[in-house]
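Take a look at the sequence and the model below.

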Amino acid sequence: MSATDLAPVAPLPDRGGPQQPLVIARDLRRHFPIRSGFFGRRTGTVHAVDGVSFEVVKGETLGIVGESGCGKSTTARLLVGLIALDEGDIIFDGDRLGDQLSLRELRRGVQMVFQDSYASLNPRLTIEDSIAFGPKVHGMGEGQARRRARELLASVGLEPARFAGRYPHELSGGQRQRVNIARALAMAPRLVILDEAVSALDKSVEAQVLNLLADLKEERDLTYVFISHDLNVVRYISDRVMVMYLGEVVEIGPAEAVYARKAHPYTAALFAAMPSMDPDARTEEPPLAGDPPNPIDPPTGCRFHTRCRFAEAVCAAVKPALASVPGEARGGEARAEAHVAACHMLVAGSGHSAAGGAA
Amino acid sequence: MAVITESIVAPVERTQGYWSGVARRFRRDPVAAGCAVLLLLLILAAIFAPYLGLADPYAGSMARRLRRIGTPGFPLGTDELGRDMLARLVYGGRLTLFLGITPVVAAFSIGTVLGLVAGYVGGRTNTVIMRLVDVFFAFPSVLLAIAISGALGAGIVNSLVSLTIVFVPPITRVAESVTASVRSLDYVDAARASGAGAFTIVRVHVLGNVLGPIFVYATSLTSVSMILAAGLSFLGLGVKPPEPEWGLMLNTLRTAIYINPWVAALPGLMIFVTSLCLNLVSDGLRSAMNVRD
């Protein structure tokens, strides 16, 4: 693939340098109004994403985990600009979305792979046409777009001569997901958001696609945001992990640190729900009871206090801020590498009995 | 990768296009295919009626009124004014099919555009369009057609207009719901994420996926339209005598039902067969368009 060949949709140049995070999400907020009645009065609000802040470092894979309904997918859609932000900033390689960066420019840099491999391909278009659509929208000629589509098919492991002219229903789930990856790459993005991209595949195919993703990342210098509820997969692929609960971030940190320490009680409960391979380490009692509270009317203070074993009065009253996890060697050094969690038990003098005076 | 690059330039093995697949599946359905052939024959007969060597459909004679089916010279008998039934049925097909199909085609174009806009844009636009459509839904379609026709006055053009107005709301509603369901699919989101504008997305990704179902629904309306048009003529709001039109013929032959019931039933039979065929064809199209089968 020569650079001149792909000129109209060439990868965006790096602007901020390696130290600049590729994405800084600052206090993202998205509330969905619930309307009812004849005049569509606003009768409630779903707090889908409520003050989420994080950074995506260049070249890393950030895993996002959490129960369904915790705001993972909404966060992903906010990052691609499929849903408009109510509040907060998205800063892509130093440029703020809105004034310094148009939505169209953001979409050149960020692409997404969806969970449902069938619903994410137009059944009336051949897969070649589906892949070539994006580049054509951005002004690439017909022939050139087709050539790019076939090159991408080859690089995701589908022989172009056999597959280019096929329709989505003629492909298997794994093959379709490869096409979806190729379609995302056709825009030469720098960040690819994988929203449960491998969750619907069976295990052997899932492993192949994960390896493909790892190869593509290296080959094309990509950054991934990997959303999944499969904690084993997230651990395998991620450099850092972010845990979400009810539209908020409860813990972020390097994958191994989060898996080893599980600083937030919710993280601990979530990981305890992970099936173990060891029959002696069966989960005897459920780590967490009940459903997550209603996001229409989220609990006060710490949103997890209604289900938390360690909950005390302070938890219902005061919302804990993200604080660095004590005893972590890397904590506080570089911001993006820090291991932080939002729990009163980690903050000395927070008023929680487990926090202690000077831990 | 080096191994595969060879074949990038090789010609692509193209599988069959979508519509040729639909045609193939449609042909495999004997009922639908048979009905399609029958409809085609009816339409061709209507178009080429003057060249078929039929008797004059307007020439009557008091001497040979209400002859039976099979009378020599009058294979399908004669009507209450002694006109040749075969000729009148074939010529009648011209007006009846025209009145049945034209309003649906017109309503299909208008309703599809309205439904696409309402379904894709959503929000207030959707509310405005769909509530307006609901106003028309408040009236039964026959009543609405009669009311509009009555207000505009009798005549072919006016009955075409009134039938078009009657069919726009149901087609809009179907178009809106299909569009809204396609719009929520991930491939539309993926197209939006690639930075395409609304018009391009509708053209490339939405239209192809909604036209099929809307078209199938519209074909099923053709039979309703034909019956309504016949009904308007029956009430004296559409075609005027002595024009041959199946609904009108049914009306005038009604008085002869005890004298020669078989002849009197013929226009009704034609309406029945044609609308049945239209329904079966639209059914066949629906299943032929279902790609996942």
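Strand 9 of chain A and strand 10 of chain A pair in the antiparallel sense, over six bridges. Two strands count as paired if DSSP finds at least two bridges between them. Helices (H or I, at least four residues) and strands (E, at least two) are DSSP runs, numbered from the N terminus. This is a predicted model: local features need pLDDT of at least 70, side-chain atom pairs count only at pLDDT 80 or more, and totals for chains, interfaces and linings use all residues. Residues are numbered from 1 along each chain as its sequence is written, while chains are lettered from A and ligands numbered from 1 in the order in which they are written.

Back to the hairpin. A:Val243 stands opposite A:Glu251 in strand 10 of chain A. Two residues lie between strand 9 and strand 10 of chain A, and A:Leu246 takes a positive phi near 50° in this hairpin. Strand 10 of chain A is mostly covered, with seven of its seven residues buried. Buried means that 20 or more other C-beta atoms, placed from the backbone, lie within 10 Å of the residue's own.

Strand 10 of chain A also pairs with strand 12. There, A:Ile252 stands opposite A:Val340. Further along, A:Val192 has A:Tyr224 in strand 8 of chain A as its bridge partner.

| Strand pair (chain A) | Direction | Bridges |
|---|---|---|
| Strand 9 and strand 10 | antiparallel | six bridges |
| Strand 10 and strand 12 (residues 340–341) | antiparallel | two bridges |
| Strand 7 (residues 191–195) and strand 8 (residues 223–227) | parallel | five bridges |

What is the order of the eight strands in the open sheet of chain A? The order is 6-7-8-3-9-10-12-11, with mixed pairing. Strand 6 (110–113) and strand 11 (323–324) of chain A stand at the edges with a single partner strand each, so one side of each has no neighbour in the sheet.

Helix 6 (residues 173–185) of chain A lies across strand 6 and strand 7 of chain A, at about 170° to strand 6. Helix 10 (residues 265–272) of chain A packs on the sheet and touches strand 3 (61–65), strand 9 (240–245) and strand 10 (248–254) of chain A. The direction of helix 10 makes about 100° with that of strand 9 of chain A. Contact means C-beta atoms, placed from the backbone, within 7 Å. Axes are lines fitted to C-alpha atoms, for helices over the stretch in contact, and angles run from 0 to 180 degrees between N-to-C directions.

Overall, chain A has eleven helices and twelve strands. Buried residues make up 47% of its 359 residues.

Definitions and conventions. Two residues are in contact if their C-beta atoms, placed from the backbone, lie within 7 Å. A residue is buried if 20 or more other C-beta atoms lie within 10 Å of its own, exposed if 12 or fewer, and partly exposed in between; C-beta atoms are placed from the backbone.
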